[in-house]
Structures are given as C-alpha cells and as structure tokens.
Amino acid sequence: MALRIRELREDHDLKQTDLAKALCVSQATYSRYESGKMTIPHQLLCALADYYHTSVDYLLGRTDCLEPYPPRVLTAPKI
C-alpha cells in the first residue's frame with residue numbers, strides 16, 4: 001500500500017505536504033504512511049481513494065485496476 005500511495009502522489013506531481021494538507025495531517029505523519037511506518041486510518045484511506053478517483057482495493061494492492069467502482073445507488077424499499 002505504501003508504494004501505491006507514493007506512486008500515485010508522484011504521478012500527480014504532488015508533494016507530501018500537498019497530500020498532508022488535503023488530509024489534515026502533518027507532513028511527518030503522511031511521510032510515515034508512505035514509508036509504511038504507520039498504518040493509514042480507514043477514514044483517510046477512503047479519503048485518498050476519493051482524492052485520486054480510485055478504489056481502496058487499488059490502494060491496498062488487492063486489484064491493479066485504477067478505475068474506481070461505480071457508486072452504489074440506494075433505492076427506497078417498496079411498500
């Protein structure tokens with residue numbers, strides 16, 4: 001996962017400080033996420049997936065498909 005988030009950041013020509021600011025964490029904390037020294041909380045993992053328009057599964061290395069899943073459409077129950 002750490003390699004994926006680093007590659008995405010570099011592919012988007014961003015600095016760690018840019019992502020840290022977007023996630024409301026310090027640059028040092030973001031650096032620890034990227035180096036694998038610290039686990040990314042699930043809320044921030046979801047925020048990163050949204051930021052890069054990809055899926056959490058892609059960030060976790062569970063798929064190589066960069067495209068996000070289609071959004072779920074919630075329908076009201078039939079009465």
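E7 belongs to helix α1, which spans residues 2-11; helices (H or I, at least four residues) and strands (E, at least two) are DSSP runs numbered from the N terminus. This is a predicted model, in which local features need pLDDT of at least 70 and side-chain atom pairs count only at pLDDT 80 or more, while totals for chains, interfaces and linings use all residues. Residues are numbered from 1 along each chain as its sequence is written, and side-chain values use heavy atoms, with hydrogens and water left out.

**Overall architecture**

- The chain contains 5 helices and 0 strands, and its elements run α-α-α-α-α from the N terminus on.
- Along the principal axes, the C-alpha atoms fill a box of roughly 55 × 25 × 20 Å.
- The C-alpha atoms of E7 and I79, which are 72 residues apart along the chain, are separated by 49 Å.
- Of the 79 residues in the chain, 29% are buried, where buried means under 20% relative accessible area, exposed means over 50%, and partly exposed lies in between (1.4 Å probe, protein chains only).
- The accessible surface comes to about 5,800 Å², and carbon and sulfur atoms hold 54% of that area; the areas come from the Shrake-Rupley method with a 1.4 Å probe, and for residues only the protein chains shown count as cover.
- Among the contacts with a separation of 6 or more, 44% involve residues 24 or more positions apart, a contact being heavy atoms within 4.5 Å.

**Helix α1**

- The buried residues in α1 are A2, R4, I5, L8 and R9. They lie on the same side of α1 because they cover an arc of only 165 degrees around the axis, the arc being that of the directions from the helix axis to the C-beta atoms.
- L3 and D11 are exposed on the other side of α1, whereas E7 is partly exposed at 34% relative accessibility.
- The cover over the buried residues of α1 includes α2 (16-23), α3 (27-35), α4 (42-52) and α5 (56-60).
- Just after α1, D13 adopts a positive phi of about 55 degrees.

**Helix α2**

- Q16, L19, A20 and L23 are the buried residues of α2. Their arc around the axis is only 100 degrees, so they sit on the same side of α2.
- These buried residues of α2 pack against α1, α3 and α4.
- Q16, a residue of α2, is buried with a relative accessible area of 18%.
- The side chain of Q16 makes a polar contact of 3.0 Å with the side chain of E34. A polar contact is a pair of N or O atoms within 3.5 Å; within protein, one must be able to donate a hydrogen and the other to accept it, and residues adjacent in sequence count only if both atoms are side-chain atoms.
- Beyond its neighbours within four places in sequence, Q16 is in contact with R9, Q27, Y30, S31 and E34.

**Helix α3**

- In α3, the buried residues are T29, Y30, Y33 and E34. Seen down the axis of α3, they fall within an arc of 140 degrees and therefore line one face of the helix.
- The buried residues of α3 pack against α1, α2 and α4.
- Not counting residues up to four places away in sequence, Y30 touches I5, R9, Q16, L19, A20, L23 and V25.
- G36 follows α3 and has a positive phi near 80 degrees.

**Nonpolar core**

- The largest nonpolar core has 15 residues, and those with the most contacts inside it are I5, Y30, Y33, I40, L48 and L59. Such a core is a set of buried Ala, Val, Leu, Ile, Met, Phe, Trp, Tyr and Cys residues joined through side-chain atoms within 4.5 Å.
- The elements giving two or more residues to this core are α1, α2, α3, α4 and α5, and the largest share, 5 residues, comes from α4.

**Cysteines**

- The structure holds 0 disulfides, a disulfide being a pair of cysteine sulfur atoms within 2.5 Å.
- C24 is in no disulfide, and its nearest cysteine sulfur, that of C46, is 15 Å away. That distance is too far for a bond.
- C24 is exposed, with a relative accessible area of 71%, and C46 is partly exposed at 39% relative accessibility.
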